[in-house]
Amino acid sequence: MIRLFKHYIPYPLIFLGLLDLFLLVIAAEISWVFRANQIGMSAGSIFDRPLPIISFALALEVALVAVGVYGTESLQSLRFAAARVLVAVSLGVIFLSIMAFALPGTTLWRSNSLYAMILAILLLMAVRVVLGSILDSAVFKRRLLILGAGPRANRIAALSNKPESGFIVSGFVDMNEGPAVVSSAVKRHDISNLPQHVIDLEVSEVVLALEERRNSLPVSDLLTIKTTGVHVNDMSSFLERETGRVDLDSVNPSWFIFSDGFSSGRRISTVFKRSFDIFLSLLLLLVTGPLIAIFAILIKLESEGGAFFKQERIGLYGQPFKILKLRSMRMDAEAAGQALWASKNDPRITRIGNFIRKVRIDELPQAWSVLKGEMSFVGPRPERPQFVDDLQTKMPFYAERHMVKPGITGWAQINYPYGASIEDSRHKLEYDLYYAKNYTPFLDIVILLQTIRVVLWPEGAR
């Protein structure tokens with residue numbers, strides 16, 4: 001993996017992304033030359049038209065990221081990849097059409113955009129047919145040695161068996177720190193030289209998954225292993241990197257204190273984030289104002305009560321504020337006055353409400369809260385005070401999610417379904433803590449792009 005702005009990206013995906021970008025440039029250039037020859041015009045050199053070629057390639061590459069083409073599912077299923085590529089290319093061309101109208105001369109001719117689109121689809125799918133299985137094979141997966149044989153080590157073993165795993169466990173070492181769960185683990189006393197054992201297995205990383213570190217931590221051996229160029233990692237940091245979330249079952253306060261994250265360098269990022277929020281909220285309210293008005297009328301026609309509703313939520317540093325949303329439930333949804341979790345196929349949700357929830361239209365009025373500075377476009381989902389009071393007593397580190405502004409979309413929202421229980425909230429908290437700990441403008445951009453995927457394929461909406 002390579003760490004880009006605090007966020008880890010697997011090498012195969014970086015390679016595939018760069019290859020796709022190159023192929024998109026090739027598709028744009030070939031289509032230009034083909035169309036020029038059709039109309040009897042001199043094609044010239046690619047250096048004579050860098051802007052149209054680059055704009056086409058970048059627009060489609062961003063669309064590929066937005067719809068999830070670089071997710072692990074796309075490497076495992078050609079059918080899945082084909083559907084996402086088709087949507088991505090279509091979205092990219094629509095954006096380029098708008099760009100051609102707003103900024104003439106910056107994109108390909110309309111007459112050769114069709115050729116470029118078709119060729120791009122063929123090239124993108126061809127590379128996935130040829131390289132898909134190879135990029136997802138063991139050749140590109142990291143080899144690990146796990147020190148430990150208890151439940152923690154067994155969790156890593158289970159994680160390695162998942163199709164989306166980016167690593168292979170080459171072996172386990174029972175460090176005699178408790179009852180062994182992993183039957184294949186080698187006893188520490190059977191290994192005469194642990195650093196040499198690491199070299200013999202050709203592993204690139206050693207992960208500490210000890211149940212009890214006292215009298216079990218081989219400091220001298222780990223120092224030697226580290227100096228040979230093999231990465232040494234503790235289980236909490238390893239799981240954070242591999243899963244994109246903070247694992248609440250393995251972390252402790254000292255890990256938060258001493259691990260990388262929560263950098264003071266985010267002050268500049270905060271200024272950028274606020275400026276971006278103001279610009280985007282104004283733009284969104286202007287563009288979607290008519291859409292909000294149409295659905296407000298439909299809501300009024302379908303059921304009694306107001307089209308909008310205000311609800312108190314907890315924001316930055318635990319301060320309460322009120323959000324504005326389009327109403328998606330009946331007016332008597334909480335007639336007893338008690339806050340209730342939303343559930344799958346919730347009978348309180350109206351027909352119009354079910355639709356606007358799936359495509360996230362009910363969230364659009366929250367742009368007003370973003371403009372006022374109470375929310376950001378990206379951040380943890382703001383929860384109701386009743387839920388916060390309850391969750392803080394049941395989950396460690398829940399208050400830390402309030403160290404960043406809540407958002408309309410977020411890392412948890414694009415990675416986990418809508419939280420409708422205590423257990424769901426625990427999983428979403430793990431993603432929220434990852435975001436709060438590793439926030440950068442780059443991560444915000446990734447989240448905003450991936451939100452398009454969630455809107456188009458609303459598997460996380462409820």
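Modeller: One may begin with contact, which means heavy atoms within 4.5 Å. Leaving out residues up to four places away in sequence, Leu433 touches Val246, Leu248, Phe256, Phe397, Glu400 and Arg401. The model is a predicted one, in which local features need pLDDT of at least 70, side-chain atom pairs count only at pLDDT 80 or more, and totals for chains, interfaces and linings use all residues. Residues are numbered from 1 along each chain as its sequence is written, and side-chain values use heavy atoms, with hydrogens and water left out.

Biologist: How many helices and strands are there in the protein?

Modeller: Helices (H or I, at least four residues) and strands (E, at least two) are DSSP runs, numbered from the N terminus. The protein has 17 helices and eleven strands. Its C-alpha atoms fill a box of roughly 75 × 70 × 40 Å along the principal axes. Among contacts in the protein with a separation of 6 or more, 74% are accounted for by residues 24 or more positions apart.

Biologist: What share of the residues of the protein count as buried?

Modeller: Buried means under 20% relative accessible area, exposed over 50%, and partly exposed in between (1.4 Å probe, protein chains only). Of the 462 residues, 48% count as buried.

Biologist: Which residues have the most contacts inside the largest nonpolar core?

Modeller: In soluble globular proteins, nonpolar side chains tend to be buried together. A nonpolar core is a set of buried Ala, Val, Leu, Ile, Met, Phe, Trp, Tyr and Cys residues joined through side-chain atoms within 4.5 Å. The largest one here has 34 residues, and those with the most contacts inside it are Val246, Val251, Phe256, Trp411, Leu433, Tyr435 and Ile447. At least two residues of this core come from each of H10, strand E9 (320–326), strand E10 (376–378), H14, helix H15 (411–415), helix H16 (422–438) and helix H17 (441–456). H16 gives the most, with six residues. A second, separate core of 33 residues includes Leu19, Leu23, Val93 and Ala120.

Biologist: How many aromatic pairs does a search of the whole structure find?

Modeller: Rings of Phe, Tyr and Trp (its six-membered ring) pair if their centres lie within 6.5 Å; planes under 30 degrees apart count as stacked, over 60 as edge-to-face and the rest as tilted. The search finds eight pairs. In one of them, the rings of Trp255 and Phe256 have centres 5.2 Å apart and planes at 80°, so this pair is edge-to-face. Trp255 is buried at a relative accessible area of 9%, and Phe256 is buried at 12%.

Biologist: Why is the pair of Phe256 and Phe397 classed as it is?

Modeller: The centres of these two rings are 4.6 Å apart and their planes stand at 50°, so the pair is tilted. Phe256 lies in helix H10 (residues 253–258) and Phe397 in the loop between helix H14 (385–394) and strand E11 (407–409), so the pair ties together parts that are 141 residues apart in sequence. Trp255, Phe256 and Phe397 form one aromatic cluster. Phe397 counts as buried, at 18% relative accessibility.

Biologist: What is phi of Phe397?

Modeller: Phi of Phe397 is near 65°, a positive value in a residue other than glycine. Glu202, also not a glycine, has a positive phi of about 55°. Glu202 lies in the loop between helix H7 (194–201) and strand E6 (205–208).

Biologist: Is Glu202 buried or exposed?

Modeller: Glu202 is exposed, with a relative accessible area of 63%.

Biologist: Which residues lie nearest the centre of the second largest pocket?

Modeller: On a 1 Å grid over the protein atoms alone, a cavity is a set of points where a 1.4 Å probe fits but cannot get out, and a pocket is an open set with protein on both sides within 12 Å along at least five of seven lines; lining residues have an atom within 4 Å of a point. Grid points are joined across faces, edges and corners, and a volume is the space filled by probe spheres set on the points. The second largest pocket has a volume of about 1300 Å³. Of its 32 lining residues, Leu284, Leu448, Leu449, Thr451 and Ile452 lie nearest its centre. Two or more lining residues come from each of helix H2 (50–66), helix H4 (78–102), helix H11 (266–302), E11 and H17. H17 gives the most, with seven.

Biologist: How do the residues of that lining divide by class?

Modeller: Ala, Val, Leu, Ile, Met, Phe, Trp, Tyr, Cys and Pro count as nonpolar, Asp, Glu, Lys and Arg as charged, and the others, Gly among them, as polar. The lining of this pocket has 26 nonpolar, four polar and two charged residues. The lining of the second largest cavity has four nonpolar, three polar and five charged residues. That cavity has a volume of about 80 Å³, and Glu383, Arg401, Ser425, Lys428 and Asp432 lie nearest its centre. H16 supplies the largest share of its lining, four residues.
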